[in-house]
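Dear colleague,

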Amino acid sequence: MSGSAPKIQAFVRHDTLPSVAPPVSETGAVKWLRENLFSSVGNSIMTLLAAYCLYALISAIVPWVFNGVWRADSIRDCREVLDGAVGGCFAVIAERWPQLVFGNYPSEHYGRAVIAFLMLFVALAPILFIELPRKMLWFTGLFPFIAYWLIWGGTLWLPILALVGVVAGFAAFRALETKSFFGALIAGLVVTLAFWLFLAGPLSTGLSSVVPLTLERVESREIGGFMINFILGTSCIALSLPLGIALALGRQSNLPIIKMICVMFIEFIRGVPLITLLFVASVMLAYFLPPGTNFDLILRVIIMITLFASAYMAEAIRGGLAALPKGQYEAGDSLGLDYWQSMRLIILPQALKIAIPSIVNIAISLFKDTTLVSIISMFDMLGMIKGPILSSTDWFGVYWELYVFAALLFFVFTFGISKYSQYLERKLATDHR
């Protein structure tokens, strides 16, 4: 029929079209680069600038490292070997590494310090990894006394009697625990301190005269290098955590006097620089002690750094306590638990889990802040670099190599702490996201 629309022939495909590879710009490395590095004009410019800076940095570092001199007797020999080329004088590390690690610790006793260092990881293992047998905690409790004897030497009876004082205090605590947890805790501390102050010294002197179990004595002034940074860091972190828990609980206490003392302590310590406390430990504390009192400098520094860190730990833990809903506190009351049982079984485990990132941040900062002891004439790692090594005419002028070595050593330990905290957070995660 003229004028009518043409008939449309329908077509239905019965065969599947063959697969076609996606465009190059939508797959693989090209897609990743386009989405992450060149997604816009601004990002493209920043990517190119960053690539140029990275290239300049690598082109400067690689020759300095790979052309480095590891065998030389002085910086003059390094320069003769390099003959104008770019390269580091790493021979200073190869020659002076005992001073960097051990300070002036007698070389014939390096084995004792290394054994104590290895034993530390065995002692920490059951605390850091709960899958391990709980029986290993016995060694954890004995380790501080063994390590003291290995590092400082002297009579074995002194750490044994110090351990006896701890056992006596724990026995007093368990005897009074059912009546009053807080009273039992105070009684245990009093018994331990009284035993240490009045009995440990005379008894160790008498027993050592009968059965002399001794190692050659090493004075505290001979301990230095990274060894003293490690001793201060591990000791103060381990001691500041329980003290910080006590301060956090005291700050939330309903007892006005305890709360006021904890608040004043925390606010005062947090308002004072650490270097000020170190000067107090080094210089001023001697004026408040009886004449002739020999109070070891390392012990004084450990006390001051522990007090400093505990104030920050207390605030981190208090944040964890404040983050818990009120129902968690009411749960303990509904189960018939007293205050200390509720804190130990319900509140503190959850609060500490919440505060893990803050606690780890404080621990890492504390470990790095141990380098401040070089200001009070303690030859830690930085003190050894600025003192005996750089003051030597053989190595005067070698800076980058020594400080990079120190930075890498601190990075290894602080990075390990950070990775463990991430593992612990994953291990304790209860939200199934």
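Which residue lies over the face of tyrosine 312? It is arginine 270, at 5.8 Å from the ring centre, where a charge is taken to sit over a ring if NZ of Lys or CZ of Arg is within 6 Å of the ring centre and within 35 degrees of the ring normal.

Before going further, please keep in mind that this is a predicted model, in which local features need pLDDT of at least 70 and side-chain atom pairs count only at pLDDT 80 or more, while totals for chains, interfaces and linings use all residues. Residues are numbered from 1 along each chain as its sequence is written, and side-chain values use heavy atoms, with hydrogens and water left out.

Tyrosine 312 also forms an aromatic pair with phenylalanine 308, which is tilted, with 5.1 Å from centre to centre and 50° between the planes. Rings of Phe, Tyr and Trp (its six-membered ring) pair if their centres lie within 6.5 Å, and planes under 30 degrees apart count as stacked, over 60 as edge-to-face and the rest as tilted. Because phenylalanine 308 and tyrosine 312 are four residues apart in helix α12 (residues 297-323), they are separated by about one helical turn; helices here are DSSP runs (H or I, at least four residues), as strands are (E, at least two), numbered from the N terminus. Phenylalanine 308 counts as buried at 11% relative accessibility, whereas tyrosine 312, at 29%, counts as partly exposed (buried means under 20% relative accessible area, exposed over 50%, partly exposed in between, with a 1.4 Å probe and protein chains only).

A search of the whole structure finds 22 aromatic pairs. One of them joins tryptophan 64 and phenylalanine 90 edge-to-face, at 5.2 Å centre to centre and 65° between the planes. This pair links distant parts of the chain, since tryptophan 64 is in helix α2 (residues 41-66) and phenylalanine 90 is in the loop between α3 (75-82) and α4 (91-102), 26 residues apart. Phenylalanine 90 counts as buried, at 8% relative accessibility. Elsewhere, ring pairs link Phe117, Phe121, Phe226, Phe230, Phe367, Phe410 and Phe413 into a cluster.

Finally, helix α8 (residues 181-210) bends by about 50° at leucine 199, with proline 202 following within four residues; the bend is the angle between axes fitted to the seven residues ending at a residue and the seven starting there. The buried residues of α8, among them Phe195 and Ala200, pack against α7 (157-176), contact meaning heavy atoms within 4.5 Å.
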